[in-house]
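Here is a short report on how one protein model packs. It covers helix contacts, the core and the salt bridges.

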Amino acid sequence: MFDTFTYRFLHFRRPTLTPSSLPSLPPGIERFFVETPGGKIEVLCGKPSKQTRHGATPLFFVHGGMGGAWVWLEYLSFFASRGIPCYAVSMRGHGSSWHPSYLRMVYFTTKRMLADDVVAGIRWVQERHDGREVVYIGHSSGGGLGQYVLSAPEFEHVKVKGLVLAGAVPGFGSLGVYLNWWRLDLWFSFRMIFHGWHPNSPLSHPVLTRRVFFSEQLPGSYLMKFQQNASRYESFLWPLGMMSCFVKPQNLLPRITSWGAKNGQGIMVLGGELDKIMTIPVMEKLANTYRQSYTSLVAQKKIEGGEAGIVEKLPGDGGRDTVGHGVRCCYVPGAGHHLQNDVTWEVGAQKLLAFYEQL
């Protein structure tokens, strides 16, 4: 128990990033840097191993807290091998992007600043693909950012072809999510004090990281690599800005451009069956929130409805998947919160592929 009271995996200084010190990438993955007013942000790209699908919509992956573009490496390889253009961004303070100082990142970096990085990445990808809108896939707090961007008036120019919320912070607020986390770790508060309120304290040991993020089946070697790749410190204002309701679904849904096409599913909620913080009830509530808004907006003729107004079972691994009212809600059996990195990640990738192909 007290083994988790350690500073071994905590850092207070930004990493030294030089061309020679950047982490190596798997075959078929390229690294680019996008200029922003604050500095360069990293974008990883999966190079298609076969001819890119003509006119294919690019996928744009966004990480959550303590992550980076690297958490999407498996998915980038999976989709690139199928000829689908795909990209993953690292926001400031994450991955190989520019890093603010500890104090600046932890206490003065807001969700709006991080959203600016995400939007810069989206624009860069669109420029590479003749202005085509992306499918936005956001994990955890990155999913929260996607909802924020597509709802906030200051980003009204941003539109996407589809939105995938993977273990995402719900737009109705995440207070219950953090209560779930606190219940998992009875020493949460004491450890935070011991660590001087370092934002990475709740994930400061592989034992804690496995408990919150992964299944017990994840190999220890992979877990240790994940722990070492995690960001050195994180913004407090990012999650605090999402504790209470921060999204208006009636603003978000019209910014998805695929409504009315084929089956009319513009949103996918993708959860880990074993997720202990973004639990199945949280994901179901998130899906139902957008289903209710979809039904209302279709009735008001503010978006085009392209499917019958019912929720049906969807065939798939796990037997929990449903579709209807513009939303596809799916789960990855055997996966925890980091469903894109857990042992059954490929099941989730296949379900995402099915959503992509129906857009």
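## Helix 3 against helix 4

K111, R112, L114, A115, V118 and V119 of helix 3 meet L145, Y148 and V149 of helix 4. Contact here means heavy atoms within 4.5 Å. By class, this contact has 7 nonpolar, no polar and 2 charged residues. Ala, Val, Leu, Ile, Met, Phe, Trp, Tyr, Cys and Pro count as nonpolar; Asp, Glu, Lys and Arg count as charged; the others, Gly among them, count as polar.

Helices are DSSP runs (H or I, at least four residues) and strands are E runs of at least two, numbered from the N terminus.

## Basis of the model

This is a predicted model: local features need pLDDT of at least 70, side-chain atom pairs count only at pLDDT 80 or more, and totals for chains, interfaces and linings use all residues. Residues are numbered from 1 along each chain as its sequence is written, and side-chain values use heavy atoms, leaving out hydrogens and water.

## Burial and core

Helix 4 is largely enclosed by the rest of the structure, because 11 of its 11 residues are buried. Buried means under 20% relative accessible area, exposed over 50%, partly exposed in between (1.4 Å probe, protein chains only).

The largest nonpolar core has 109 residues. Such a core is a set of buried Ala, Val, Leu, Ile, Met, Phe, Trp, Tyr and Cys residues joined through side-chain atoms within 4.5 Å. F60, F61, F79, L145 and I267 touch the most other members. Beyond four places in sequence, F79 touches L59, F61, I84, C86, A349, L352 and L353.

## Salt bridges

The structure holds 9 salt bridges. Each pairs a side-chain nitrogen of Lys or Arg with a carboxyl oxygen of Asp or Glu within 4 Å. R112 and E154 meet at 3.9 Å, N to O. R112 lies in helix 3 and E154 in the loop between helix 4 and strand 6 (162–166), so the pair ties together parts 42 residues apart in sequence.

D321 bridges to K351, with the closest N and O atoms 2.7 Å apart. D321 is buried at 2% relative accessible area. K351 is also buried, at 9%.
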